[in-house]
Amino acid sequence: MNKSNIGASTNFIQIIVDIVVSLIAFVTVYFLVHEDFYTEQLSRCFVLYVVFMFIYILDNKDRRVYNITTFFYMDRIFKQVTKSFVLSSIIIASLLYYVADGEFDKVFFSVFIVVAYIMLLVSTFIFRYISKIKMVDFYPRTAYVGEIRQFEKFNYFMKKTNIGINFVGYIRVDTRANDNYLGNVRELEKIIKEHSIDQIYIMQTKRGKTDMQKYIDLCMEMGVTVRMVMDFYKDGVAKSYMSSVGTYPIVTFHTVSLNNTEKVVKRVVDIVGSIVGIVLFSPVMIVTAVLVKCTSKGPIIFKQRRVGMNGRVFNMYKFRSMYVDAEERKKELMQNNEMESDLMFKMKDDPRVTKVGKVIRKLSIDELPQFFNVFIGDMSLVGTRPPTEEEVSKYSSHHWRRISIKPGITGMWQISGRSAITNFDQIVDLDTKYIDEWSVAMDFKVMAKTVGVLVRRSGAY
């Protein structure tokens, strides 16, 4: 990004308004609280005011209150401004013990935060009204290139932001005549001159893709700003955001949350949770290991290749609950599969299961070694059920999305009936619902429900 574009989305006028309004509040309150003019007292109070506004403006900027693209919902703006004000007030209150003394400073501060809060909040909404309705003539004269219907949703979003434009009209891409348009894009130079256009928005769609490079070059030659509105992808599931690498703008489409902070929190919860699980259930695992070893031939731990996030293959650990020839016998038992498709295998009274295996499966004890999978990072405490390589080889493209995150020890399928759900597409729907709505809070909710399912011993066999 060019250095001249840094802060291009920041509403500096609103920042200036906040500074002016708060300064008026400061002067008013100071001369109301202090009967006499003391230079030392004034300087102390002014230091508090400067620090207060510095923190307030930085926090507002971090909350995107000063970003012109942020949707201006009154309740949201009220909450964000209030949070910034409370944070600033708390920090200043603690500073009073170090940079100010005497009752007058405390009285001044108490009155100032009340008056400043009211004035800043009111000025925020007044500024919104004035900037969107009364200052239209001061905004750049703007034309939209594209079909009117293509801009309907875009206009709806624009009205919710603080982006200021003086809308002039639409410019057609095709050659059909229509009185609702300023003209055709081939007449762009003429339209710009006749209507004194400052900037144009070009709607670039997947279907009506048109080579706009020559028109962009024309605008650059004439000093007219061009903004490309990319509408290449429409899907209710996908989320998108804009970024840049050097001079290259990048539009990213994704279905999985890309919030790195939440990812770190989830990983920390996985590490802590897996350690707690290993320590807490170690006596149960030791007893189980002895019983598995003493009652049937074969290894204690069953390692099976499973498919993890986006196709990564890993060894999933479970206590062996079947005889050693279980995988070979699976083919002959496929006709008894209770699932409605061969994308997943589930069978009640599976003859491959040992006596101890039936018990540990019923109690879900066979899953306990997966805490080690979570600890090393192959799995998560909460996620989607990890499929086998054979199952994944039969997936359609829409099935693949269920493995776009790490698989989990528990998940939506486990708390929604497990064996009672025999339709694989229902399982996919549960998994994708989790992916779409994922949050740290949801993980804790799923874990809490999992405990309830285990206590009731429902859905496992």
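Trainee: Before we start, what are the ground rules?
Mentor: It's a predicted model, so local features need pLDDT of at least 70 and side-chain atom pairs count only at pLDDT 80 or more, while totals for chains, interfaces and linings use all residues. Residues are numbered from 1 along each chain as its sequence is written, and side-chain values use heavy atoms, with hydrogens and water left out.

Trainee: Okay, helix 2. How far apart are its end C-alpha atoms, and what span should we expect?
Mentor: They're 34 Å apart, and that agrees with the 34 Å that the 24 residues (39–62) should span at 1.5 Å a residue. The expected span is 1.5 Å times one less than the number of residues. Helices here are DSSP runs of H or I with at least four residues, strands are E runs with at least two, and both are numbered from the N terminus.

Trainee: Which residues of helix 2 are buried?
Mentor: Among them are Gln41, Cys45, Leu48, Tyr49, Phe52, Met53 and Tyr56. Buried means under 20% relative accessible area, exposed means over 50%, and partly exposed is in between, using a 1.4 Å probe and protein chains only.

Trainee: And Phe54, buried or exposed?
Mentor: Phe54 lies in helix 2 too, but it counts as exposed because its relative accessible area is 55%.

Trainee: What follows the helix?
Mentor: Arg64 does, with a positive phi near 65°.

Trainee: Which residues does Ser84 touch?
Mentor: Leaving out residues up to four places away in sequence, Ser84 touches Tyr56, Asp59, Asn60 and Arg63 (contact means heavy atoms within 4.5 Å). Ser84 itself sits in helix 3, residues 74–99, and counts as buried because its relative accessibility is 0%.

Trainee: Switching to rings. How many aromatic pairs are there?
Mentor: The count comes to 26. Rings of Phe, Tyr and Trp (its six-membered ring) pair if their centres lie within 6.5 Å; planes under 30 degrees apart are stacked, over 60 edge-to-face, and the rest tilted. Tyr144 and Phe151 make a stacked pair, 4.4 Å centre to centre with 10° between the planes. Both of those residues are buried.

Trainee: Which residues make up the aromatic cluster?
Mentor: Phe26, Tyr30, Phe31, Phe46, Tyr49, Phe52, Tyr56, Phe85, Phe108, Phe112 and Tyr117 form one cluster.

Trainee: Which ring does the charged end of Arg172 sit over?
Mentor: That's the ring of Tyr181, with the charged end 4.4 Å from the ring centre. The rule is that NZ of Lys or CZ of Arg is within 6 Å of the ring centre and within 35 degrees of the ring normal.

Trainee: Now the strands. How many bridges join strand 8 to strand 9?
Mentor: There are 7, and the two strands run antiparallel. Strands pair if DSSP finds at least two bridges between them. Strand 8 covers residues 301–307, and the bridge partner of Ile301 in strand 9 is Phe319.

Trainee: What's in the turn?
Mentor: The hairpin has 5 residues between the strands, and Asn310 takes a positive phi near 55° there. Asn310 isn't a glycine, and it counts as partly exposed because its relative accessibility is 42%.

Trainee: Where does Ser196 sit?
Mentor: Ser196 is in the loop between helix 6 (188–195) and strand 4 (199–205). It isn't a glycine either, yet its phi is positive, about 50°. At a relative accessible area of 44%, Ser196 is partly exposed.

Trainee: Last one, how many disulfides?
Mentor: A search of the whole structure finds 0, where a disulfide is a pair of cysteine sulfur atoms within 2.5 Å. As for individual cysteines, Cys219 is buried at 0% relative accessibility, whereas Cys294 is exposed at 64%.
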